[in-house]
Amino acid sequence: MKLNNTTIPAMNKSRFLSVIMFLPLIMILLLMDQCTTDKKSVYMRIRDHADGIKVIDAHEHQHWPEEYPARQFSFYHLLAASYLAADINCAGAKGFDMAVLDSLTPGDLWNNYGEALNYTRNTSYYSQFVKGMKKLYGFHDLYFTRENIAELSVNIEENYKDYKQWFDEAFNKAGYEIMFLDQYWKPFNTELDDKYFALVFHINPLISQSSRRPEKDTEPKDIYKRASEAGYKINNLDDYLAYCDHLFINNVENKAVCIKNSQAYSRTLFYEDVPYEVARILYDKPSQQLTPAEAKKIEDFMFHWIIRKSVEYDLPVQIHTGYLAGNGNVLDNSQPIKLNNLFLKYPDAKFVLFHGGFPWTGEYAALGKMFRNVYLDLVWLSQISREEAVQSLDVMLDCVPYNKFFWGGDSHLIEESAGALEYCKDVVSEVLAKRIERGLLNEDVSLEIVDKIFRENAIEVFRLRERLGREFQ
Ligand SMILES: [Zn+2]
């Protein structure tokens with residue numbers, strides 16, 4: 001029907017005019033709503049896609065409950081084993097003591113930790129911990145309270161009565177295919193349940209004990225005790241290297257997928273290039289007489305030797321960089337740029353830098369961009385700071401090809417690991433959705449990036465098909 005002035009009655013005419021007047025505003029509002037809907041749907045499509053991935057988790061420290069002194073696991077036991085414990089301590093509460101936890105009532109525990117726990121409601125450690133409870137226990141509240149902790153704890157205690165079964169259920173529910181297990185607390189153990197885990201060769205003791213030879217006629221300890229039990233006599237540097245090579249072979253035979261260096265917790269990441277002759281002479285000196293500078297020289301030599309071995313056995317070298325867990329350490333030791341000389345000297349080694357190098361995320365990205373042999377594992381970054389992860393991943397995606405990223409959960413119990421995965425999926429989806437919105441990526445490539453970060457890059461770079469002898473679809 002054609003509309004004109006003569007056919008519109010007076011009342012309808014004024015309504016019609018008001019509609020015409022507000023039409024531009026209505027259009028703008030409709031458009032805004034449309035944009036929001038598109039943004040949400042792009043984010044949700046990426047997020048849903050991430051949930052469909054069988055994740056290759058390139059770094060974990062999962063413990064079995066038998067490894068803890070306590071037998072009955074409550075909410076507070078999980079809290080004590082989590083990263084959030086450090087924030088609670090930072091907020092003023094006493095450090096957790098697993099043994100003491102058993103003797104306290106839920107009321108005592110809330111009285112001891114509740115206030116400090118509440119002061120951490122803003123941190124990423126806190127929200128990531130909530131995410132894990134949400135994913136595995138259907139926890140719906142935004143924050144923990146005295147009351148909802150009591151309810152949650154009943155379920156936790158029930159699950160931990162049969163942790164093996166619970167671990168299996170939670171492992172699958174969280175969406176894992178395999179976890180790389182770094183057992184820094186028992187670095188020589190090579191026996192793992194390969195249904196869940198791939199072995200990581202933790203090499204800190206090989207380095208640190210090279211400058212701690214036992215005194216003559218004393219009982220050997222640590223690596224020297226193991227060597228002697230295996231029939232190796234260590235009288236000089238060559239003997240020590242022969243035993244270390246034996247450890248490499250043993251780990252390779254047990255399907256180790258990489259080696260791990262977390263020495264930034266106890267020393268600088270700068271490893272000087274020390275000639276063999278210098279190290280040999282220093283090693284002959286009784287360790288108790290070594291100056292700190294001399295001890296460092298032997299240790300520096302050892303890491304260079306280990307990197308050469310990693311090339312020989314084609315094992316990528318994972319290295320902790322940046323922020324250090326706990327409540328006190330020397331942050332400067334962990335600056336990623338201190339490793340620069342190694343990347344130049346060993347172009348055939350594969351270096352995997354951890355944690356976004358936080359707070360040096362910019363130089364971390366630059367190293368990943370400069371060196372074809374430097375890979376970036378986002379492990380733990382979003383747990384440390386969600387917003388830092390969002391901003392720095394955006395920068396990293398500007399700089400570094402996406403076949404060079406991995407992800408890991410870096411947790412001691414399955415609940416925290418599940419929360420870490422959920423949290424990083426949120427971060428990656430948010431960054432990619434924003435990049436699509438700005439015309440920097442399309443959706444197909446974004447979905448491919450998600451696959452690469454959470455699964456495919458690890459399969460390729462760590463050669464998991466050959467090493468683990470299993471199919472990865
Ligand atoms: Zn770790």
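**Figure 1. Lys296 and Asp300 sit about one helical turn apart, being four residues apart in helix α13.** This is a predicted model, in which local features need pLDDT of at least 70 and side-chain atom pairs count only at pLDDT 80 or more, while totals for chains, interfaces and linings use all residues. Residues are numbered from 1 along each chain as its sequence is written, and side-chain values use heavy atoms, with hydrogens and water left out. Helices (H or I, at least four residues) and strands (E, at least two) are DSSP runs, numbered from the N terminus. Lys296 forms a salt bridge with Asp300, with 2.6 Å between the closest N and O atoms. A salt bridge here is a side-chain nitrogen of Lys or Arg within 4 Å of a carboxyl oxygen of Asp or Glu. Lys296 counts as partly exposed because its relative accessibility is 23%, and Asp300 counts as buried because its value is 0%. Buried means under 20% relative accessible area, exposed over 50%, and partly exposed in between (1.4 Å probe, protein chains only).

**Figure 2. Asp300 also meets Arg267 in a salt bridge.** The distance from N to O in this pair is 2.8 Å. The pair links distant parts of the chain, 33 residues apart: Arg267 is in the loop between β4 (258–261) and α12 (276–284), and Asp300 is in helix α13 (residues 292–312). Arg267 and Asp300 are both buried. Side chains of opposite charge can pair when their charged atoms come close.

**Figure 3. Arg386 and Glu387 form one of the 35 salt bridges in the structure.** Their closest N and O atoms are 3.3 Å apart. Glu387 is partly exposed, with a relative accessible area of 40%, whereas Arg386 counts as buried at 19% relative accessibility. Elsewhere, salt bridges that share partners join Arg47, Asp51, Lys131, Lys135, Glu422, Lys425 and Asp426 into one network.

**Figure 4. The zinc ion has His59, His61 and Asp410 as its protein donors.** The donor atoms are NE2 of His59, NE2 of His61 and OD of Asp410, and they lie 2.0 to 2.1 Å from the zinc ion. Donors are N, O and S atoms within 2.8 Å of the metal (3.2 Å for Na, K and Ca); water is not among the atoms, so sites may look incomplete. Along the chain, the donors follow the spacing H-x1-H-x348-D. His59 lies in strand β1 (residues 55–60) and Asp410 in the loop between β8 (405–406) and α18, so the pair ties together parts that are 351 residues apart in sequence. His59 is buried, with a relative accessible area of 1%, and Asp410 counts as buried at 3%.

**Figure 5. Eight strands form an open sheet with parallel pairing.** The strand order is β1-β2-β3-β4-β5-β6-β7-β8. Two strands pair if DSSP finds at least two bridges between them. The edge strands, β1 and β8, each pair on one side only. Strand β6 (residues 351–354) runs parallel to strand β7 (residues 374–377), and four bridges join them. Val352 stands opposite Tyr375 in β7.

**Figure 6. The largest nonpolar core has 152 residues.** Such a core is a set of buried Ala, Val, Leu, Ile, Met, Phe, Trp, Tyr and Cys residues joined through side-chain atoms within 4.5 Å. Phe144, Tyr160, Phe180, Phe303, Ile306, Phe351 and Phe454 touch the most other members. Helix α18 (residues 414–437) gives the largest share of this core, eleven residues. Contact means heavy atoms within 4.5 Å. Leaving aside its neighbours within four places in sequence, Ile306 is in contact with Ile203, Leu206, Ile207, Phe248 and Ile259. In soluble globular proteins, nonpolar side chains tend to be buried together.

**Figure 7. Leu247 lies in helix α11 (residues 237–253).** Leu247 counts as buried, at 6% relative accessibility. Not counting residues up to four places away in sequence, Leu247 touches Phe188, Phe201, Leu206 and Ile223. Pro214 is 33 residues from Leu247 along the chain, and their C-alpha atoms are separated by 19 Å.
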